[in-house]
Number of protein chains: 2
Amino acid sequence: MQPNRRAGIARSLLLLALFALGLATPALAQGADPLPSWNEGPTKAAILAFVRATTTAGSPDFVPPADRIATFDQDGTLWVEKPVYAEVAFAADRVRALAQINPSLADEEPFKTAIGGDPAALAALSYPDMNKISFVTLDNLPVDTLRDDAAAWIATARNPLFGRLRTDLVYAPMTEVMALLRANGFRTYIVTGGGQDFVRSYAERLYGVPPEQVVGTADAIAFGYDAAGRPVLRLQPSVLFDDVFGGKPVGIHLVIGKRPYAAFGNSTGDRQMLEYTKAGKGLRFAALVLHDDGAREVAYGPAQGLPASDVGTFTQGLYDEAKARGWHVISMKSDWKRVFAFEP
Amino acid sequence: MQPNRRAGIARSLLLLALFALGLATPALAQGADPLPSWNEGPTKAAILAFVRATTTAGSPDFVPPADRIATFDQDGTLWVEKPVYAEVAFAADRVRALAQINPSLADEEPFKTAIGGDPAALAALSYPDMNKISFVTLDNLPVDTLRDDAAAWIATARNPLFGRLRTDLVYAPMTEVMALLRANGFRTYIVTGGGQDFVRSYAERLYGVPPEQVVGTADAIAFGYDAAGRPVLRLQPSVLFDDVFGGKPVGIHLVIGKRPYAAFGNSTGDRQMLEYTKAGKGLRFAALVLHDDGAREVAYGPAQGLPASDVGTFTQGLYDEAKARGWHVISMKSDWKRVFAFEP
């Protein structure tokens, strides 16, 4: 660990101890704006009010530190998901490499589409086809190798729509919310339909989220030994656990075993996680990121008149449920002063 | 949270902060014996040396706090597993209740054996039969109901061999090791072949281990809604994940995503977890509890000449592997000054 990182951890622990002893006031009461990328308005106010209510000693909505769990979807909630999920682009790049060794792959769908690399065609692939692409490249791969490969890939991968590194396309307002929650004793989990090991490969660097706080879709893993007799965990071509829709509350239960007090998403894939979160006792917070900013990001979702049956995105039906249930709808256009950290 | 518990957490955080800042020395250097239930000897010395080496700043084996993971098998490692696993006794009691409503169960195996309740017959059930018993009582049960039922059951459940509450039969030396590790910044996970929700129902009370640090065998869970439209997670009659043998390293990877620095077990079901732990870089610690004390506990395992093919217990083969690989073998008879907290 870097000395400055160690000192940072020590400072955080010291503050936590002082808060718990009642010798310090929470960070958000100390003047400096913890959410500088947010415009003033009801959404920002609601986030600050939730943190204050759940962490102020004596508050009727006080939540003990051990139960302060917040969950965040990743794609479309923490970073850009258009034109195609990072993980699908990663798998396509791996199929392209594989086709150098096994050229017949280029004649066979869905590998042909993957090798072609057209983002729109990749994004249009069915879920079983995405799995086929993933499985052909990951079959029997050691999990450590996958994590190393993914970390190396994400270090240079660019988003074709923005012409920027994918890692630049993290939403600054959302990392501020994560930091605010952590400064107030919450643990911030990523709960993603993406692959657990893929997301773990960069989650700490991008979001400050350690491996044990990444819940994701998991392929089956087999325990075995390498040629030298050392234990090795290898990915198998089947899905053990699908962390999307109803799978998100199930994944939360399996890995955390506690119901979140706050949950953030952006699509129908997050609906059940938000329902599950809000159904808990006491004050709970649920929010959806609405992609209504075609100038700074990409406009899609109910504001753009998508059909209500469109699954896996922010449908009109989800928007109506959010309004009916008191979930917050975060307008990128009006709630966010800036979207990305690279903006001036 | 109780005020005294809150103050306790605050004190722990404060100490952690001071350690991280280098302003305090680790607990184990402060004079008071952190392992009073252990006899002086090589095993106790090895545990203390491991903690010192991994947590002393400047040590070549120093492990950053974020990576300080220790894993513990439960049955036979943290508490008595004879004559029959607590969870099997729990399932048998539930089948007995179910037979009141559905008397025909009493005519059908393995339910007949479960209803009979003879510990030796229960212990002799095959793994598929144990699952059958579990599934018939848990089918479609909300996970919250299971946890409440299990917590209520364990509050009064007695071990027929000892005539004591099962919760009295926790090994005091092992909870001391867990406390010592936690006082030095380790997180202590339970990694059990037992059911994850069953063990979570009492793990915090018995061992100070919160739900998110219990890795266990997990049945499939379905997300749905109750009659009032509230989200509910219900257990399904199939095993999603079998957390034993090679499944232990896999479970560790899924839930933690980091390799442990220390692992404790007592049977062939823990072998792969110990191999996986020891195969990591740097100083790692592996230990097996040997049940060689027929006076204070139950004598079984290699000291008692069990056949080497006996699976799921401490075989001669496992003993030989431990010796060959430098795993520590904890003799209950000679290493433990007292076995249970109720001893004088």
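A:D93 and A:R96 are separated by about one helical turn, because the two residues lie 3 apart in helix α3 (residues 86–101) of chain A. Helices (H or I, at least four residues) and strands (E, at least two) are DSSP runs, numbered from the N terminus. The side chains of A:D93 and A:R96 meet in a salt bridge, with an N to O distance of 2.7 Å, a salt bridge being a side-chain nitrogen of Lys or Arg within 4 Å of a carboxyl oxygen of Asp or Glu. A:D93 is partly exposed at a relative accessible area of 33%, and A:R96 is likewise partly exposed, at 29%; here buried means under 20% relative accessible area, exposed over 50%, and partly exposed in between (1.4 Å probe, protein chains only).

The model is predicted, so that local features need pLDDT of at least 70 and side-chain atom pairs count only at pLDDT 80 or more, while totals for chains, interfaces and linings use all residues. Residues are numbered from 1 along each chain as its sequence is written, chains are lettered from A and ligands numbered from 1 in the order in which they are written, and side-chain values use heavy atoms, with hydrogens and water left out.

Over all chains, the count comes to 33 salt bridges. One of them joins A:K44 to A:D33, with the closest N and O atoms 2.7 Å apart. This pair links distant parts of the chain, since A:K44 belongs to helix α2 (residues 42–55) of chain A and A:D33 to the loop between α1 (3–20) and α2 of chain A, 11 residues apart. A:K44 is buried, with a relative accessible area of 2%, whereas A:D33 is partly exposed at 35%. A further salt bridge is formed by the side chains of A:R259 and B:D144, at 4.0 Å from N to O. This pair joins two chains, because A:R259 lies in the loop between α10 (247–255) and β7 (262–265) of chain A and B:D144 in helix α7 (residues 143–154) of chain B. Both partners are partly exposed, A:R259 at 22% relative accessibility and B:D144 at 44%.

Chain A contains 13 helices and 9 strands, and 54% of its 344 residues count as buried. The chain exposes about 13,600 Å², of which carbon and sulfur atoms supply 55%; accessible areas come from the Shrake-Rupley method with a 1.4 Å probe, and for residues only the protein chains shown count as cover. Of the contacts (heavy atoms within 4.5 Å) in chain A between residues at least 6 apart in sequence, 65% join residues at least 24 apart.

The largest nonpolar core has 186 residues, and those with the most contacts inside it are A:M174, A:Y207, A:F264, B:M174, B:Y207 and B:F264. Such a core is a set of buried Ala, Val, Leu, Ile, Met, Phe, Trp, Tyr and Cys residues joined through side-chain atoms within 4.5 Å. Leaving aside residues up to four places away in sequence, A:Y207 touches several residues, among them A:W79, A:M178, A:R182 and A:Y202. A:F90, found in helix α3 of chain A, is buried at 4% relative accessibility. With residues up to four places away in sequence again not counted, A:F90 touches A:L146, A:D149, A:A150, A:W153 and A:F198. The C-alpha atoms of A:F90 and A:A114, which are 24 residues apart along the chain, are separated by 9.9 Å. In chain B, helix α11 (residues 271–278) is largely enclosed by the rest of the structure, because 6 of its 8 residues are buried, including B:M273, B:L274 and B:Y276.

Chain A also holds an open sheet of 7 strands, in the order β6-β5-β4-β1-β7-β8-β9 and with mixed pairing, where two strands pair if DSSP finds at least two bridges between them. Its edge strands, each pairing on one side only, are β6 and β9 (328–331) of chain A. The twist averages 35° from one strand to the next; axes are lines fitted to C-alpha atoms, for helices over the stretch in contact, and angles run from 0 to 180 degrees between N-to-C directions. Helix α10 (residues 247–255) of chain B packs on this sheet and touches β5 and β6 of chain A, its direction making about 155° with that of β5(A). Strands β5 (residues 214–225) and β6 (residues 231–241) of chain A run antiparallel and are joined by 7 bridges. A:I221 stands opposite A:L235 in β6(A), and A:Y225 has A:P231 as its bridge partner in β6(A). β5(A) and β6(A) form a hairpin with 5 residues between them, and A:G229 in the turn has a positive phi of about 85°.
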